[in-house]
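This report describes selected features of one structure in words. Please keep the sequence and the coordinates at hand while reading.

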Amino acid sequence: MRELTLTRTGRPIVSGLDLTVSTDSRLAIVGENGAGKSTLLAALAGVLAPQSGSIVTHGRIAVAEQELPVVDGRTVDDAIAFAIADSRRALDDLDRAAAELADGGRGAGDRYADALDRSTVLQAWDAERRVTTALEALGAETERTRPLTELSVGQRYRVRLACVLGGDAEILLLDEPTNHLDAQGLDFLTENLRGRGGGYAVVSHDRRLLADVGETFLDLDPSADGRPRLYGGGYEGYRAGRAAERERWEQLHLAQKAEAGRLRERLQEAQNRLVTGWRPEKGTGKHQRASRAPGVVRTVKRRQEAMDAQAVPVPAPPARLTVPTHPVRVGGTLLAADEVTVADRLNTPVTLSLRAGEKLVVSGPNGAGKSTLLAVLCGRLTPSGGTVRRHSAARLGVLTQETEAAGETKAGRELSVGQRRRLALLTMLAEEPDVILLDEPTNHLAMALVDDLTEALRRQSAAVVVATHDRALLEALSDWPRVSIGGD
């Protein structure tokens with residue numbers, strides 16, 4: 001990419017970016033929600049044209065987006081076939097060339113050598129096994145005839161991620177790859193990326209993943225000149241570089257404010273002299289007496305105009321997630337479940353009870369039934385076994401695992417996935433629920449906001465149930481009671 005500018009709704013969100021992603025790249029892309037991370041990946045993938053600048057791509061690129069469209073009729077096997085198409089083609093060419101070589105066909109030796117080279121580079125003989133291993137490790141659907149439309153958002157993402165990690169691509173573009181992974185899946189993702197022979201660019205809010213796999217960091221957050229910043233030295237190098245950049249920006253802005261103040265004083269002094277009939281010292285020429293003060297005014301104004309043209313913007317404050325607290329107006333047990341199960345979805349009976357202010361973490365591997373449990377607790381799903389009791393006066397607030405564009409309105413579609421997630425969370429909390437049920441609440445949230453969310457959950461007077469795989473959030477809430485479903 002050279003001098004790349006990307007826009008959203010006519011507003012530049014990435015400006016003046018020079019970036020090369022190669023098979024040696026271990027790139028982490030970070031920034032606040034709405035900073036342009038997903039938009040940049042789309043440009044890298046070639047599916048979004050830049051407003052200005054240039055993008056040149058070579059080689060095999062695979063993308064795992066935050067939101068995956070569903071194509072009717074496609075199956076898991078179709079997704080696999082697409083991911084390893086180059087390997088299958090190389091092996092077919094190798095078989096064909098071998099047969100021609102055995103028949104003594106002209107040029108068959110060269111064609112065989114070429115097909116062998118391509119198969120070796122692609123490690124084509126291992127392609128099927130790589131994808132199968134990834135599907136199993138990520139807890140993805142392994143039944144190849146299963147239509148993708150029958151899978152949940154998380155299941156579809158894991159299928160796609162497995163195909164990307166096990167497929168033929170030389171460069172991977174991964175957008176929030178940890179969102180739908182349990183502990184086993186997170187470990188596999190980390191080890192796969194660390195051991196890859198190719199390059200990747202990853203967008204993630206998971207600080208542990210970034211620390212484990214990021215060597216170079218591209219920061220899209222606001223800067224003094226509006227351009228993205230590139231930091232080496234891994235996660236710690238990024239944090240130190242970002243802090244130093246912030247300090248330089250603040251110092252530059254303060255210096256400019258001080259200079260502006262001095263210019264205003266000089267301009268005011270010169271104007272005052274003109275108004276009060278200022279006269280120069282004796283011996284000064286008539287022309288100089290008439291023009292010196294206006295000349296000072298013009299000089300100061302020129303300096304002011306030059307400084308305004310190179311104005312340093314006010315350093316943008318870090319993004320914060322401000323969640324007001326509210327009193328709970330009902331007492332007693334607000335929510336309770338007794339031996340609750342759901343056929344084929346929640347096979348481990350769950351018993352729990354929550355009073356105002358009580359907190360609970362629900363953990364377990366993918367497919368164990370965490371989301372199903374929350375759906376039962378809020379009344380969106382009827383249990384097959386057991387009972388659920390909800391206080392008749394208690395207000396429930398629910399955040400599901402995935403957030404749709406707000407009402408599918410134009411305004412909702414123009415927000416980034418992370419911005420929609422933050423809006424859904426704050427809208428729900430603004431209704432002052434007595435019981436809060438959160439399914440993977442940190443999905444798509446920028447790193448800086450996860451700490452704010454954690455603190456807000458601790459301060460809540462409402463009862464809170466959190467189902468999550470997020471390692472940072474689990475550590476932060478390690479002192480909360482925990483219900484484990486299906487084993488961790």
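Is E3 buried, exposed or partly exposed, and what is its relative accessible area? E3 is partly exposed, with a relative accessible area of 41%, where buried means under 20%, exposed over 50% and partly exposed in between, computed with a 1.4 Å probe on protein chains only. The model is a predicted one, in which local features need pLDDT of at least 70 and side-chain atom pairs count only at pLDDT 80 or more, while totals for chains, interfaces and linings use all residues. Residues are numbered from 1 along each chain as its sequence is written, and side-chain values use heavy atoms, with hydrogens and water left out.

**The parallel sheet**

An open sheet is formed by five strands in the order β14-β15-β16-β12-β17, with parallel pairing, two strands being paired if DSSP finds at least two bridges between them. Because β14 (396–399) and β17 (482–484) stand at the edges and have a single partner strand each, one side of each is left without a neighbour in the sheet. From one strand to the next the twist averages 15 degrees; for this angle, axes are lines fitted to C-alpha atoms, and angles run from 0 to 180 degrees between N-to-C directions.

Within this sheet, strand β16 (residues 463–467) pairs with strand β15 (residues 435–439) in the parallel sense over five bridges. V435 has A463 as its bridge partner in β16, and L437 stands opposite V465. Strand β12 (residues 359–363) also runs parallel to β16 and is joined to it by four bridges, with V362 opposite A467. Five of the five residues of β16 are buried, and both of its faces are covered, with A463, V465 and A467 on one side and V464 and V466 on the other.

**Aromatic pairs**

Rings of Phe, Tyr and Trp (its six-membered ring) are taken as a pair if their centres lie within 6.5 Å, and planes under 30 degrees apart count as stacked, over 60 as edge-to-face and the rest as tilted. By this rule there are four aromatic pairs. One of them joins Y235 and Y238, a tilted pair with 6.1 Å centre to centre and 40 degrees between the planes. Both residues lie in helix α9 (residues 234–275), three residues apart, about one turn of the helix, and both Y235 and Y238 are buried. Ring pairs also link F217 and Y231 with Y235 and Y238 into a cluster.

**The cavity**

On a 1 Å grid over the protein atoms alone, a cavity is a set of points where a 1.4 Å probe fits but cannot get out, and lining residues have an atom within 4 Å of a point. A search of the whole structure finds one cavity of 30 Å³ or more, and the largest cavity has a volume of about 70 Å³, that is, the space filled by probe spheres set on the points. Its lining includes T178, N179, H205, D206, E440, H469, D470 and R471.

Definitions and conventions. Helices (H or I, at least four residues) and strands (E, at least two) are DSSP runs, numbered from the N terminus. On a 1 Å grid over the protein atoms alone, a cavity is a set of points where a 1.4 Å probe fits but cannot get out, and a pocket is an open set with protein on both sides within 12 Å along at least five of seven lines; lining residues have an atom within 4 Å of a point.
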